[in-house]
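Dear colleague,

Please find below the structure that I am handing over to you.

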Amino acid sequence: MLDLGAVPYLPPGVLLESTPEQSYLYDSESHSYALLDNEAAIAIVLLCDGARSIGTIDEEVSRLFRGGCREQIQQDVLATIDLLMRESFLRLAAVDAQDS
C-alpha cells in the first residue's frame, strides 16, 4: 500500500498531453502513453507535482468531487497513482532521512 506521506511527481520526459477528445501521459523516452479516461484521473495527475503528498492529493480530489463517496475517492486516488507508478509514468520523491 502506498504511504499517504509520499510525494509523487512526473519524471523527466513524461508529459501530460491533451487533444479535444482525450488526455494522456506520454513518455518521450519509451514512446509509450497512458490514457487518462476521466476527469478524476486528470486531476490526480495535475496534482502530482512533486510538492503535494498522496494524502494532500486525496484531500484535494475529494474537494473537487464532493458528491462522491470519500472512501471510494481515496481508493481511486491510490489505485491511479499505483498504476501510473507501475507503468513508470509517476515516481515518488526521495525523502531525506535525518539522523537523530
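Two strands are said to pair if DSSP finds at least two bridges between them. Helices (H or I, at least four residues) and strands (E, at least two) are DSSP runs, numbered from the N terminus. This is a predicted model, in which local features need pLDDT of at least 70 and side-chain atom pairs count only at pLDDT 80 or more, while totals for chains, interfaces and linings use all residues. Residues are numbered from 1 along each chain as its sequence is written, and side-chain values use heavy atoms, with hydrogens and water left out.

The model contains an open sheet of 3 strands, ordered β2-β3-β4, with antiparallel pairing. Because β2 (14–18) and β4 (32–36) each have a single partner strand, they stand at the edges, and one side of each lacks a neighbour in the sheet. Between β3 (residues 23–27) and β4, the antiparallel pairing runs over 5 bridges. Within this pairing, Leu-25 lies opposite Ala-34 in β4.

Helix α1 (residues 39–47) packs on the sheet and touches β2, β3 and β4, where contact means heavy atoms within 4.5 Å. The direction of helix α1 makes about 120° with that of β4; axes are lines fitted to C-alpha atoms, for helices over the stretch in contact, and angles run from 0 to 180 degrees between N-to-C directions.

Elsewhere, Gln-72 belongs to helix α3 (residues 70–86).
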